[in-house]
Amino acid sequence: RVEVAARGELPLQPGLKGNTSLIQSPGALVVREGETVEIRCVLNSTNVNNIVKIFDIHWYNSRNGIPKLSLYVNGQTYKSPGFSERFQLSRDDASNSYSLTIREVKIADSADYIFCIWGTLFGNGTQLNVTIANPPILIQFPRLERVTEGHTARLWCSMENSEVGNTDVHWYRELPGQDMEWVLTHEAGGSVRRRPGFTERFQPFKDVSNSSFILNVTNVMLIDSAVYYCTVWGDI
């Protein structure tokens, strides 16, 4: 838990007296598109007069930025352009806390959300990461490719729920008794980055019509024998 608070009296913040802090949670959220999330911030103070209903509050995307969402004492709200009714602000007197609820989250909602009172007392922030509802599915084939020295091996990796033309693909291999090692990356823009030692014998392609990634290994050698893997997004 990280608490951002001034010690002792807080003369720069009218109305906030005593040892006061904002406890924001959770610190990070990973959700899929369409879900609902709630970010909560508790006003913790040694002064019993510091209660949520007497303060105007704001939500930022960065501490050096401008407020994106505001909830005023009179109940009115302010929302920057682009923040629709999906973003709901509330306060709870019983728990002395504030909440930001985002309904039907979208990829574009991914950002840092930082709670603030008076423009000087901040919560520790929440990092929201929204992923697509249906992540890519990779299917590799053949499971076994037998080739003789000097010939070409072709490895296929088909992808569902995403477009190969807009996706970076990474190829790895695992030699017997060794850790997996990165071979190359074929970026969405078409450029290729290879691990030192891997020459242009290792040629990646994209078959957009069949939604597939292809790795050709030409003039194969005995040392090329390994298990090869394709990955996207770093974890699929």
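Predicted model: local features only at pLDDT ≥ 70, side-chain atom pairs only at ≥ 80, totals over all residues.

Ser 212 belongs to strand E19, which covers residues 212–217. Is Ser 212 buried or exposed? With a relative accessible area of 2%, Ser 212 is buried, because anything under 20% counts as buried. Who are its neighbours? Leaving out residues up to four places away in sequence, Ser 212 touches Trp 156, Cys 157 and Ser 158, then Val 164, and also Phe 205, Lys 206 and Asp 207.

Now let's step back to the whole chain. The protein chain has 20 strands and zero helices. Its C-alpha trace spans about 80 × 35 × 25 Å along the principal axes. A compact globule of 236 residues would have a radius of gyration near 18 Å, yet this chain has 26 Å. Of those 236 residues, 37% count as buried. Among contacts with a separation of 6 or more, 53% are between residues 24 or more positions apart.

What about the inside? Nonpolar side chains tend to be buried together in soluble globular proteins. Here, the largest nonpolar core has 26 residues, and Trp 59 and Leu 100 have the most contacts inside it. Several strands give two or more residues to this core, including E3 (28–32), E4 (37–45), E5 (57–60) and E9 (97–102). E4 supplies the largest share, four residues. Another core, of 18 residues, lies apart from it and includes Ala 153, Met 159, Val 169 and Val 217.

Once neighbours within four places in sequence are set aside, its contacts include Val 37, Ile 39, Trp 59, Leu 69, Phe 87 and Tyr 113.

Trp 59 leads us to E5, a strand covered on both faces: Ile 57 and Trp 59 are buried on one side, and His 58 and Tyr 60 are buried on the other. E5 also has partner strands. It runs antiparallel to E6, joined by three bridges, and Ile 57 has Leu 71 as its bridge partner there. With E10, E5 pairs in the antiparallel sense over four bridges, and Tyr 60 has Ile 114 as its bridge partner in E10.

One more sheet is worth a look. It is open, with four strands in the order E17-E16-E15-E20 and antiparallel pairing. Why does one side of E17 and of E20 lack a neighbour in the sheet? Strand E17 (192–194) and strand E20 (227–231) stand at the edges, each with a single partner strand, so one side of each has no neighbour in the sheet. On average, neighbouring strands in this sheet are turned by 25° against each other, ignoring direction. To see one of these pairings up close, find strand E16 (residues 180–186): three bridges link it to E17 in the antiparallel sense, and Leu 184 stands opposite Arg 194 in E17.

Key. Residues numbered from 1 in each chain as written. Heavy atoms only, no water. Core = buried A, V, L, I, M, F, W, Y, C linked by side-chain atoms within 4.5 Å. Buried < 20%, exposed > 50% of the residue type's maximum accessible area, 1.4 Å probe, protein only. Contact = heavy atoms within 4.5 Å. Pairing = 2+ DSSP bridges. Axes fitted to C-alpha atoms, helices over the stretch in contact; angles between N-to-C directions. Rg over C-alpha atoms; globule rule 2.2 N^0.38 Å.
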